[in-house]
Amino acid sequence: MPNASEKTEPPEPKPISSARTTLSRIMTALDVNLLGTVHGGVIMKLVDDVAGAVANRHSGGPAVTASMDDMQFLVPVRVGDLVHASAQVNWAGRTSMEVGVRVVAERWDDSTVPGAHVASAYLVFVAVDDAGSPREVPALVLETEGDARRFREAEIRRAHRLARREAILASRGSDAAEGAAPTG
Ligand SMILES: CC(C)(COP(=O)(O)OP(=O)(O)OC[C@H]1O[C@@H](n2cnc3c(N)ncnc32)[C@H](O)[C@@H]1OP(=O)(O)O)[C@@H](O)C(=O)NCCC(=O)NCCS
């Protein structure tokens, strides 16, 4: 067992494709809101589930949701839609990863109607050890031009997230010093 002063090797870099995952579900009457369309929370759960699978696969162990932002609902989802949530790691830092999710809906019984892009989201996951402390994640091997573009855009979103958190903590003055959560 390594002692505290021993340095462990950083994990081997991994290609983005090794963790890419799609989760699919048919929407039923149990999933609707009072307007009769699918509740946004149902789609958010699907998004968090698939993004969690991707983050766990990439980091090779447990990873928790640290934030979910830029969730956009573009078109309503209806009962009988077969919904596919596809996710991949866009960016990996020391212990955190940004996972991008694209949600597409098609009719469950008619493959001739093209699927519609209904939602997109970006989530940050942090890999954790047995004690719940952040642990190192593998660097990303970018495989395509699209991967490189998503990586660059994820860096911009990360800079904004960190700057926003810093600005809110700074505006709270002494509250921030006591460790108040920026969203709390
Ligand atoms: C996420 C968590 C492990 C972070 O712990 P922490 O001690 O604040 O971690 P650190 O400050 O060392 O940050 C770790 C990494 O996460 C990033 N990070 C932490 N909070 C973040 C946030 N809100 N948005 C974006 N990135 C964040 C940091 O930038 C850092 O990234 P890096 O190592 O790649 O540079 C901790 O806040 C936690 O356990 N939260 C609860 C998670 C959970 O239960 N989720 C399920 C919801 S029910």
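**Reading the sheet, the helices and the ligand shell**

Mentor: In this predicted model, β4 and β5 run antiparallel and are joined by 11 bridges. A hairpin of 3 residues leads from β4 to β5.

Trainee: Which residue is the bridge partner of Ala-85 in β5?

Mentor: The partner of Ala-85 in β5 is Val-103. Val-103 has in turn a bridge partner in β6, namely Ala-119. Strands β5 (residues 96–107) and β6 (residues 116–127) are antiparallel as well, with 10 bridges between them. Another pair of partners is Arg-102 with Ser-120 in β6.

Trainee: What is the order of the strands in the open sheet?

Mentor: The sheet has 5 strands in the order β2-β4-β5-β6-β3, and their pairing is antiparallel. The edges are formed by β2 (21–26) and β3 (63–73); each has a single partner strand, so one side of each has no neighbour in the sheet. From one strand to the next, the twist averages 20 degrees.

Trainee: How should I think about the side chains of a strand?

Mentor: As a general idea, side chains in a regular strand alternate between the two faces of the sheet.

Trainee: Which strands does helix α2 touch where it packs on the sheet?

Mentor: Helix α2 (residues 145–172) touches β3, β4 (81–92), β5 and β6, and its direction makes about 80 degrees with that of β4. The helix has 28 residues and reaches 41 Å from its first C-alpha to its last, close to the 40 Å expected at 1.5 Å a residue. Just after α2, Gly-173 takes a positive phi of about 55 degrees.

Trainee: How many of the 28 residues of α2 are buried?

Mentor: The count is 2, and α2 is hardly covered.

Trainee: How does one read the sides of a helix?

Mentor: An α-helix has 3.6 residues a turn, so residues three or four places apart point the same way. In α1, the buried residues include Ile-43, Leu-46, Val-47, Val-50, Ala-51, Val-54, Ala-55 and His-58.

Trainee: Against which strands do the buried residues of α1 pack?

Mentor: They pack against β1 (14–15), β2, β3, β4, β5 and β6. Helix α1 (residues 40–59) has 20 residues and spans 28 Å from its first C-alpha to its last, close to the 28 Å expected at 1.5 Å a residue.

Trainee: With which residues is Glu-143 in contact, leaving aside its neighbours within four places in sequence?

Mentor: Those contacts are Pro-15, Ile-16 and Ser-17. Position in sequence and position in space should be read separately: Glu-143 and Ile-16 are 127 residues apart in sequence, yet their C-alpha atoms are 7.2 Å apart.

Trainee: How many residues surround the ligand, and which are the closest?

Mentor: There are 14 residues around the ligand, and Ala-66, Gly-93, Arg-94, Thr-95 and Ser-96 are the closest. Strand β3 gives the largest share of the shell, 4 residues, and β3 and β6 each supply at least two. By kind, the shell divides into 6 nonpolar, 6 polar and 2 charged residues.

Notes:
Residues are numbered from 1 along each chain as its sequence is written. This is a predicted model: local features need pLDDT of at least 70, side-chain atom pairs count only at pLDDT 80 or more; totals for chains, interfaces and linings use all residues. Two strands pair if DSSP finds at least two bridges between them. Axes are lines fitted to C-alpha atoms, for helices over the stretch in contact, and angles run from 0 to 180 degrees between N-to-C directions. Two residues are in contact if their C-beta atoms, placed from the backbone, lie within 7 Å. A residue is near a molecule or strand if its C-beta atom, placed from the backbone, lies within 6 Å of it. Ala, Val, Leu, Ile, Met, Phe, Trp, Tyr, Cys and Pro count as nonpolar, Asp, Glu, Lys and Arg as charged, and the others, Gly among them, as polar. The expected span of a helix is 1.5 Å times one less than its number of residues. A residue is buried if 20 or more other C-beta atoms lie within 10 Å of its own, exposed if 12 or fewer, and partly exposed in between; C-beta atoms are placed from the backbone.
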